[in-house]
Each structure stands twice: as C-alpha cells, then as structure tokens.
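Hi everyone, thanks for making time today. Please have a look at the model on the screen, and I'll talk you through a few spots in it.

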Amino acid sequence: MPFTEVSLPSSPPAMVTTPVVKIAVSPSILTLRFPLKPLPIPSGAGVFRRPSPLRLRRIRSTAVAAWLQDSGATVAVLAGAYSLVLSFDFLTKRNLIEQNLSRKLVHVLSGVLFMSSWPIFSSTTGARYFAAIVPLINCLRLVAYGLGLFTNEGLIKSVTREGKREELLRGPLCYVLVLLVCTLFFWRQSPIGIVSLAMMSGGDGFADIVGRRFGTLKLPYNKRKSWIGSISMFTFGFLFSIGMLYYFSIFGYIHLEWMPVIEKVAIISFVATMVESLPIDEVVDDNISVPLSSMLTAFLVFGH
C-alpha cells in the first residue's frame, strides 16, 4: 500500500539541515536523499553590538541640539508670558483699557499664545516637560504673590477681578494648573487637551467680554449670566477649538477628518457652554468646570 514517510535527522546546535525524504512503494522501496547542507546563521545574530563611534556622536549631538532648542523655547515663552502681563499692566495704569477687559484679554491670550508656542519645542519625548516649566513657574509666582510673600500690584490688577492678592489663588491659579495638566498629559498630539484649553481661554474669555457689554437679557436660571454671553461662549469656543486643531494639523501633529471633527467640537462647545452658564461659579471656578467638562466630553466623542 503506498505511503510517504518524512524523517528529520538530528542536527547540531545553531545548525539547520534539509530533511531526508523516503518514498516507499510496495513491494520495493525507493529512497531519495537530498544533500545535507547546513543553512548559515547570520554572524552576530542575537548578539548586542555597540553603536559605532560615529553613530554615538550623532546621537549625542542630536540630544544636545534638542536640549538647546527646548531650553531656548522655554526661556522665550517665559519672556513672552511676562511681557504680556506687563503690557496690559501698562495699558491699565494709563487708563487706556479697563481692568476687567485687561484681565479677560490676558485670560484669552495666555492660553492661546502658550498653545501656539508648542511647535517651537523639539520633537523629543521630553519636550513637553520643558514646555510645562512655563505654567509651573507661573503657578509658583501666583502662590508666592497670593500668599503675600512678594508684592506685584501690576500682576494683581491684570489678572484679578477686584484687585485683591487672595484672588490669585483662585481663578488665575486654576487657569495655570489646567495649562500644566494639558501640557503634561495631552500635549500637541491630542485634540482633547487642545480643545479643552481653547474652550477655557477663548470661549470662557469672550463669554465674559461680550456678556458684560451686551448682556442685558439674562438667563432664566442664572441672573449673573446672559444669553449673548452664552452664545459668545459657544461661538468663540468652537472657533478657537477648530482654529487650534487646524494649526496643529499644519505641523503634522494631528490628522483628523474635518467633517466629523466639526460635529464633535460643536458637541463639546455646547456642553462646555451649558456648564459655564450654570450658577455654580461660587462653588467651582469656571477655569475648572469649563476645561474639565470639555475634557470629559472630548474623551467620549473622540474616543481616546
């Protein structure tokens, strides 16, 4: 009865040989043999090799260049943030701009300009930590001035409602903490952090600016907020979010399908607007409730 038999001879370690094939046809047996030739094992396989000196020099030079780039970017952004506050302090002292308007313009520009600076940092994984130094230092400054360890009347007037140093430990401190969290945990590759900061800075900022000037018609469930302020919150929050997402897509940090993204950002803007309109600002500051609600909604709609 015909049958086929395949037998594999034993081979030495690190050596692969071709098999012996026997074909048996009753009543005689015909055996075919193939020459046993070992298959060569690549030299150095499984062995760690040190990079060449030239490659090591390139790695070191790249790391040094990234460190210098990130250090320079950090210094430049810190200088820009400090200059922004000084500029509005100057305008306020000269009575060229109202204190409340100055405060909200600093609110809007601080977040937007800080996000806009992210592309000047390197592409290394440690770049976000250099960028996070900026809100961290501002956080320490606010704590120091808020506790009365130092005095800076210009800073207090530029970022507080009533010009009291204790206010620095509330809204302004929450603002820079959100900047710090979004930088460390989301950075420029995540639409969640980008949209959350855009809603906090652009949306909430213009809601107050427009609402204070034209908000005669108040919300029925919150007499401190107006219809025009909430409409401005939704509109500017949406526009700033789309604008910043497009900005980062130009640099290749994010890749999005824009029609679904527009719908998702509209949902986030609506939820953030509803949260901002609630009469809870005495319990939870807008600089916490707005970005937090934006983050949670963005997690749901973006799915990551």
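Asparagine 222 is buried, at a relative accessible area of 5%; buried means under 20%, exposed over 50% and partly exposed in between, with a 1.4 Å probe and protein chains only. This is a predicted model, where local features need pLDDT of at least 70, side-chain atom pairs count only at pLDDT 80 or more, and totals for chains, interfaces and linings use all residues. Residues are numbered from 1 along each chain as its sequence is written, and side-chain values use heavy atoms, with hydrogens and water left out.

Asparagine 222 sits in strand β5, residues 222–226; strands are DSSP runs of E, at least two residues, and helices of H or I, at least four, numbered from the N terminus. Beyond its neighbours within four places in sequence, asparagine 222 contacts Ser277, Leu278 and Pro279, contact being heavy atoms within 4.5 Å.

Now for the helices. How do α5 and α6 pack? Their angle is about 165°, with the axes 10 Å apart; axes are lines fitted to C-alpha atoms, for helices over the stretch in contact, and angles run from 0 to 180 degrees between N-to-C directions. So α5 is roughly antiparallel to α6, the word for angles over 145 degrees. On the α5 side, Tyr175, Val178, Leu179 and Cys182 meet Gly193, Leu197, Met200 and Ser201 of α6.

And one last stop: leaving aside neighbours within four places in sequence, methionine 115 touches Ile194, Leu197, Ala198, Met244, Tyr247 and Phe248. Happy to take questions!

Key. Angles under 35 degrees count as roughly parallel, over 145 as roughly antiparallel, 65 to 115 as roughly perpendicular and the rest as oblique.
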